[in-house]
Amino acid sequence: MTAPEAESLRARRTPPRRSEWRTQAPVVAVVALGGALGACARYGFTLAWPTPPGGFPWATFWTNVIGCAVIGVFMVLITDVWAAHRLVRPFFGTGVLGGFTTFSTYAVDIRKLVDAGRPGPGLAYLAATPCAALAAVWLASVAARRVLIRRQR
């Protein structure tokens, strides 16, 4: 083993330094705070728009679509418009919007529809949610860029 290989091996075996944790602690904290806020917003949305047993889960569907549209606008803003503070993206993108959107509930909702004897709506929901979510990200980012271009003229 050469000296550079041995040094590389030692570096991989060495636990992270305390200073690395201090650098990452604020990121972890803002993701946790943002996630709590996003999850509370999602919960409020589902309370306001409950799904009846065996019914189509519109609240979860629209939560995911709206969250993805906001992600599209947000990414345009922080990449094309302004240089955001290093904690803005983890707080809002990963935390708030990650807590707000809920693809785990989407999977549970599909199972509930199938178990309720409604495989057709379950399959429609299975296909419609990712298609609508991807379309929302794309359309929102395109619209945000067009608005920015017009404002710059």
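This is a predicted model: local features need pLDDT of at least 70, side-chain atom pairs count only at pLDDT 80 or more; totals for chains, interfaces and linings use all residues.
Student: Where is Asn64 placed?

Tutor: Asn64 sits in helix 3.

Student: Why is Asn64 called buried?

Tutor: Its relative accessibility is 0%. Buried means under 20%. Asn64 therefore counts as buried.

Student: Which residues does Asn64 touch, leaving out those up to four places away in sequence?

Tutor: Asn64 touches Thr101, Thr102, Phe103, Tyr106 and Thr129. Contact here needs heavy atoms within 4.5 Å.

Student: Take Thr101 from that list. Where is the place of Thr101?

Tutor: Thr101 lies in a loop, between helix 4 (88-100) and helix 5 (103-115).

Student: What makes the approach of Leu97 to Thr101 a polar contact?

Tutor: The distance. The backbone oxygen of Leu97 is 2.8 Å from a polar atom in the Thr101 side chain. The cut-off is 3.5 Å.

Student: Which positions does UniProt give for "binding site"?

Tutor: The record, an unreviewed entry, places that feature at Gly98 and Thr101. Gly98 belongs to helix 4.

Student: Why is Gly98 called partly exposed?

Tutor: Gly98 has 39% relative accessibility. Buried is under 20% and exposed is over 50%, with partly exposed in between. Gly98 is therefore partly exposed.

Student: And what makes Thr79 partly exposed?

Tutor: Thr79, in helix 3, has 47% relative accessibility. Exposed requires over 50%, so Thr79 counts as partly exposed. The Thr79 side chain also has a polar contact with the side chain of Asp80, at 3.2 Å.

Student: How do you know that helix 3 is roughly antiparallel to helix 4?

Tutor: The axes of helix 3 (residues 58-81) and helix 4 cross at roughly 170° and come within 9 Å. Angles over 145 degrees count as roughly antiparallel. Helix 3 is therefore roughly antiparallel to helix 4.

Student: Which residues make the contact?

Tutor: Helix 3 supplies Thr63, Ile66, Gly67, Val70, Ile71, Phe74, Met75 and Ile78. Helix 4 supplies Val88, Arg89, Phe92, Gly93, Leu97 and Phe100.

Student: How many of the contact residues are nonpolar, polar and charged?

Tutor: The contact of helix 3 with helix 4 has 10 nonpolar, 3 polar and 1 charged.

Student: Which residues does the UniProt annotation "transmembrane region" cover?

Tutor: The unreviewed entry gives 27-49, 61-83, 90-108 and 123-144.

Student: What is the helix content of residues 61-83?

Tutor: That span is 91% helix and 0% strand, with end C-alpha atoms 32 Å apart. Residues 27-49 are 96% helix and 0% strand, with end C-alpha atoms 33 Å apart.

Technical notes
Residues are numbered from 1 along each chain as its sequence is written. Side-chain values use heavy atoms; hydrogens and water are left out. Helices (H or I, at least four residues) and strands (E, at least two) are DSSP runs, numbered from the N terminus. A polar contact is a pair of N or O atoms within 3.5 Å; within protein, one must be able to donate a hydrogen and the other to accept it, and residues adjacent in sequence count only if both atoms are side-chain atoms. Axes are lines fitted to C-alpha atoms, for helices over the stretch in contact, and angles run from 0 to 180 degrees between N-to-C directions. Angles under 35 degrees count as roughly parallel, over 145 as roughly antiparallel, 65 to 115 as roughly perpendicular and the rest as oblique. Ala, Val, Leu, Ile, Met, Phe, Trp, Tyr, Cys and Pro count as nonpolar, Asp, Glu, Lys and Arg as charged, and the others, Gly among them, as polar. UniProt positions are given in the numbering used here, feature names are shortened, and annotations may be inferred rather than shown by experiment. Buried means under 20% relative accessible area, exposed over 50%, partly exposed in between (1.4 Å probe, protein chains only).
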